Every structure is written in structure tokens, then in C-alpha cells.
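Take a look at the structure below.

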Amino acid sequence: MRGAQGITLQWISWNWRGTVEVMQPGDVIMIKGGQDSTKAPTNAGDLGTGRVEIDGVVTEIGSDYFLFDGEIVITDSPDIGRVCRWSGPVEFRVTQGRQYWRMQDMTKCDGLTDYVDIYF
């Protein structure tokens, strides 16, 4: 968990990762970060619009999952004006041997599937 290597939202880019900071003051693990298309390097490749932000705490960790309690917000992605917000507990899970945890509540807004991935 503490070795997180970035965050992506497929609408923005899988080729360029945003940043994630994992802090552990005492017994609490906190996650904060995001991917913002306006801050991507010029060589980022296929790049959509918008931003995804994550801010909260990890409440449980298993061998292939963690539970996150906080807020995840997607703005202007894939369309300008779209806002999608998760608040409260969300599960992230590793599946099929991938090198990231994927948010499991993927279809919360507008019937679209949002792949929010945190890499390790």
C-alpha cells in the first residue's frame, strides 16, 4: 500500500499516471492524490480531459484488496461538465494478477464505467 506508484482514470490516460501520496501517521493510512489532464507532460500520449481526485483513509487491508473511506471525485471526464462523486467506503481490489488495485464500484454515475486504478 505504501508503495503506490500512481493513479489513473481510463478517460484521462492509462499511459500517464497521476500522483498518489500514501501517509501513515500512527495507525492510520491516508491516501491523497489525483490525475489531472492539464498537468500531463507533453509526451503523455493519448490523453482525454478532466481530473480524478482521491482523499481519505484505508480502513482495512487484505492480501488482494483494501477498503477506502473518503472521497473520490471525477470532473470533466469523459465529458466537460460531468461530475461523479463517491463518498464513504469503496473497495479496491487486485484481479487477474494485475499490478494495480481497481475501484470496484465502477458504475456509480451516468451508467458509465469508470476505471479508477491505483498502481503498486
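## A loop residue to start with

Asp110 sits in the loop between β7 and β8 (116–119). Strands here are DSSP runs of E with at least two residues, helices are runs of H or I with at least four residues, and both are numbered from the N terminus. Asp110 has a phi near 60°, a positive value in a residue other than glycine. With 59% relative accessibility, Asp110 counts as exposed. The cut-offs are these: buried is under 20% relative accessible area, exposed is over 50%, and partly exposed lies in between (1.4 Å probe, protein chains only).

This is a predicted model, in which local features need pLDDT of at least 70, side-chain atom pairs count only at pLDDT 80 or more, and totals for chains, interfaces and linings use all residues. Residues are numbered from 1 along each chain as its sequence is written, and side-chain values use heavy atoms, with hydrogens and water left out.

## Other backbone exceptions

Most residues other than glycine have a negative phi, and most peptide bonds are trans. Gln96 is another residue other than glycine with a positive phi, near 55°. Find Gln96 in the loop between β6 and β7 (100–103). Gln96 is exposed, at 69% relative accessible area.

Which residues does a cis peptide bond join? They are Ser77 and Pro78, with omega about 5°. Pro78 belongs to the loop between β5 and β6.

## How the strands pair

Two strands pair if DSSP finds at least two bridges between them. β4 pairs with strand β5 (residues 65–75) in the antiparallel sense, over ten bridges. A hairpin of three residues joins β4 to β5.

## Salt bridges

A salt bridge needs a side-chain nitrogen of Lys or Arg within 4 Å of a carboxyl oxygen of Asp or Glu. How many does this rule give? The count is nine salt bridges. One of them links the side chains of Asp55 and Lys32, at 3.5 Å from N to O. Asp55 is in strand β4 and Lys32 in strand β3, so this pair links distant parts of the chain, 23 residues apart. Asp55 is partly exposed at 40% relative accessible area. Lys32 is partly exposed as well, at 45%.Asp36 and Arg51 form another salt bridge, 3.5 Å from N to O. Asp36 lies in strand β3 and Arg51 in strand β4, so the pair ties together parts that are 15 residues apart in sequence. Asp36 counts as buried, because its relative accessibility is 12%.

The side chains of Arg93 and Glu91 also meet in a salt bridge, at 2.4 Å from N to O. Arg93 is partly exposed, with 25% relative accessible area. Glu91 is partly exposed at 26%. Elsewhere, salt bridges that share partners join Asp36, Arg51 and Glu53 into one network.

## A buried serine

Is Ser37 buried or exposed? Ser37 is buried, because its relative accessibility is 14%. Ser37 lies in the loop between β3 (29–36) and β4 (51–61).

Contact means heavy atoms within 4.5 Å. Leaving out residues up to four places away in sequence, Ser37 touches Ile12, Leu47, Gly48, Thr49 and Gly50.
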